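This report looks at side-chain packing.

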Amino acid sequence: MKLPEEVPKGFFTVFKVFLAVGLISPAIHAHGSNMYAEGVIEGNETCSVTIPSQTPAWNNQNGNQNYLNQNYYAQIRTNTNNSLDKHNRRYRNVSYAIVDTGQTTCYDDLNALPVCPAPGEDFHGTDGLFIGNQPSFTNNSDGTISDNVTGLMWQKTADTDGDGDIDAADKLTYADAVARASEQTTGGYTDWRLPTIKELYSLMNFNGVDPSMVQDNDTSGLTPFIDTDYFDFAYGDIAAGERIIDAQYASSTLYVATIGDENGLLFGLNLADGRIKGYGLVLMGRDKTFQVMYVRGNQRYGQNDFKDNRNGTVTDKATTLMWSKDDSGEGMIWKDALAWVQEKNAERYLGYNDWRLPNAKELHSILDYSRSPDTTYSAAIDPVFNVSEIVNEAGENDYPWFWSGTTHVSMGEVTGSWGAYVAFGRALGYMEGEWTDVHGAGCQRSDPKIGDPAQWPYGNGPQGDAIRIFNYVRLVRDTVRAPGINTTPIDDSDDDDTDTDPGIDPIDDVPDTDPDISSTYQVIDTGQTKCYNDEGAEITCPLSGEYFAGQDAQYDGNQFSYIDNGDGTVTDNTTGLTWQQSPVNTGWSYEGAETYCDDLVLAGHDDWRMPTLKELFSISDFSKGWPYLDTTYYNLAGDTVSKDEQYWAEPYVGTTVEGQGNAAFGVNHGTGHIKAYPAGVSGPMGNYVRAVRGNSYGTNDFVDNGDGTVTDRSTGLMWQQGDSGEGMDWTTALAYAENSIDAGYDDWRLPNVKELQSIVDYTQSPSASVTANLGPAIDTDFFQITELPFGTTNYDTDYGYFWSSTSAYFGGDSLEYYYAWYVAFGTAVGESGDDFHGAGAVRFDTKVEGGPLGEGGERYYNYVRLVRDVD
């Protein structure tokens, strides 16, 4: 985040907030079990806000284990606080972050299940299985509540008359609700507005229970569909003649059609029974009244930014969700809808195997309230999508309702027999002897999960709601955990019309500082999710300002996303590369490995090649180590995990002790290192090779910003142009990053090891014998780098090792993370002072002087070059 010049550029203490009120959402920084936000507040005033962690019950009351939405089959959450904060951080630059429904229990077609079903089982894939962007609020103690996910600020209560309770006297007509917005001064703000239905629905929490079956007026045991730890809530005012469920909140969204009510309909949210419907502005000859809570901030919330990927998918860059362009083409019961999703994943529909049934709030996000069957003669959805046509109960041409994975929980012995749906066509009710559009296209209601619609010939409830049971399906999947990632599967055709980059463009609430970010070189996250101190012990991830804050685990990047193609190959959805799944157990010389790749025919393709070092390092996985590879997808060449899992990549331009002038770099997927090996050795001393095919990956595109920073337009990362100028231990390096406000930015961090390796220039080395290749392993047309004191190595001019934020441990028998990874931008020398591993090597060093030794040659005090994400 860029700091305004008026803000004193001192040390930023934890919880300091400069919040861009009404313009942008806060930048949420995740640290352990808490978060803090930073932004700019009107008048350049500063305030301090504590943002508590909203940690869900990952092992919920029924013992269910809940999975992250992205690649749910790959990782069960084990480190609850750190993982939750890290996950929420991915929405930092997302303008329309969908808040999770809060549903953590899995259901069949009648009741809650004791355990969420596994893949292949009935009812696998319900909302309760997936953990999305968790609700996170801050009570500002001034009558306002900040939503830390959406960037919206809400009034805490609908007590409009200020008498201390919420009752019928507080309700307003639509006209009064609009008019009174400009009169609001809650919290000292004057820019309050009536929320849109998408803004209002962000507060919806499906932990609520529908009380419609309650026979008495006792509300003490009821649970509404809003978080009452932060917001005041009251059911209908029984004393005034209202029903328990009369807790309808007004939005500013009017139904574009007037069919069914000539006075017009307002889309409102009932936080008592958990539904959206169109409410008539006039009821029984009088203006209908609603509960009202005003909102301010993030005026882009709820605005979609669809991109047709021209491969059967549509990406919403505002939410980072990818949708199937087509729907299921037929209606089905809820159980079959879940099974249909599994079938599509089994066949890798459109190249992906991680589709899911959207939850109610995700499905609601793609509604277009400017459209309806009676005004635009279309479904209430952007025409970028294809929608099946149906004939409705009234015999009209219409559009379907769509199932969500969310159960609409109700009172009684059978609590989970109704599923939430969203109507993209008319929502009919049988009233006064005919079917009419009573709720509006864009409502969210619920349908029985099983049964025969013929059992409800005149609908259900006081408005005769149509019951269909057989509803349609539109698939959704997550694209990225950070803006800009390319998740398109490989297209082996020569169709030039296929868009190979449906990725998310960088999104922020301020003008993009570099609109030319290409995102062609997405650096994959390391996978590290735990924090460590300098004695090697695992710790709770620290808050900003505490020792060891700012580690790799506290920042989220582009997550691993693979497809096992079932033919001996694995596709990386992020980089677009396809890899050989099982390398042969042969120790090749570099030249022999290159020939092997050139001659390889695998899965019907003959364009395999040797990977570059940056390509090969992209699949390195630092989540645990030994091996540093996801063996769910990739097989090792050796029989056991060992230091011998060394894979060739590209020649080294320098001269090493072992290889002399004939060395080549490789990645050791056993130990995690990059080093230069003797290129001519084969047999037991040779290296393995893993062939690759696809687009070239790893090319930088640097721009000098003229302010002491350099942007790599291919990765979307901004770097300090200069370095720290002196070495420091790892703990000091983390603090150096935390406190930096270089070039007016306050969100610098110590790069993780893969980010740092991304800026290595492997055409340069201080040990090169060719003058053109002599220099530091970084592009000096853009970067400055400090020379080491003469005599540090055996070279006249040499350069330092640079710390990363990624911790390491020495070997398979020692799990203490005493070490941290570094990248050598000069020679990586042994104890003799000669180049042993190569400039551009990735090794680890002891975090602090006096700590345990690794493989010798420890320096302890390494240099720092900071990084930040481009706004």
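What follows describes the nonpolar cores, the ring contacts and the surroundings of one aspartate.

This is a predicted model, in which local features need pLDDT of at least 70, side-chain atom pairs count only at pLDDT 80 or more, and totals for chains, interfaces and linings use all residues. Residues are numbered from 1 along each chain as its sequence is written, and side-chain values use heavy atoms, with hydrogens and water left out.

**Nonpolar cores**

The largest nonpolar core holds 84 residues. A core here is a set of buried Ala, Val, Leu, Ile, Met, Phe, Trp, Tyr and Cys residues joined through side-chain atoms within 4.5 Å. Buried means under 20% relative accessible area, exposed over 50%, and partly exposed in between (1.4 Å probe, protein chains only). F231, F233, L269, L271, F385, F424 and V473 have the most contacts inside this core. Elements that each supply at least two of its residues include β13, β21 and α4. Helices (H or I, at least four residues) and strands (E, at least two) are DSSP runs, numbered from the N terminus. The largest share, five residues, comes from α4.

Beyond four places in sequence, F424 is in contact with residues including L363, I381, F402 and A441. Contact means heavy atoms within 4.5 Å.

**Aromatic rings**

There are 44 aromatic pairs. Rings of Phe, Tyr and Trp (its six-membered ring) pair if their centres lie within 6.5 Å; planes under 30 degrees apart count as stacked, over 60 as edge-to-face and the rest as tilted. F267 and Y369 form an edge-to-face pair, 4.9 Å centre to centre with 65° between the planes. The two are 102 residues apart, with F267 in strand β13 and Y369 in the loop between α5 and β22. F267 is buried at 0%, and Y369 is buried at 12%. Elsewhere, F617, F622, Y628, Y818, Y819, W821 and F844 form one aromatic cluster.

Two charges sit over rings, as tabulated. The criterion is NZ of Lys or CZ of Arg within 6 Å of the ring centre and within 35 degrees of the ring normal.

| Charge | Ring | Distance to ring centre |
|---|---|---|
| R693 | W608 | 6.0 Å |
| K847 | W730 | 4.0 Å |

**Around D327**

D327 is found in the loop between β21 and α4. Is D327 buried or exposed? D327 is buried, with a relative accessible area of 10%. Its side chain makes a polar contact of 2.6 Å with that of S388. D327 also contacts F402, Y472 and R474, among others.

Conventions. A polar contact is a pair of N or O atoms within 3.5 Å; within protein, one must be able to donate a hydrogen and the other to accept it, and residues adjacent in sequence count only if both atoms are side-chain atoms.
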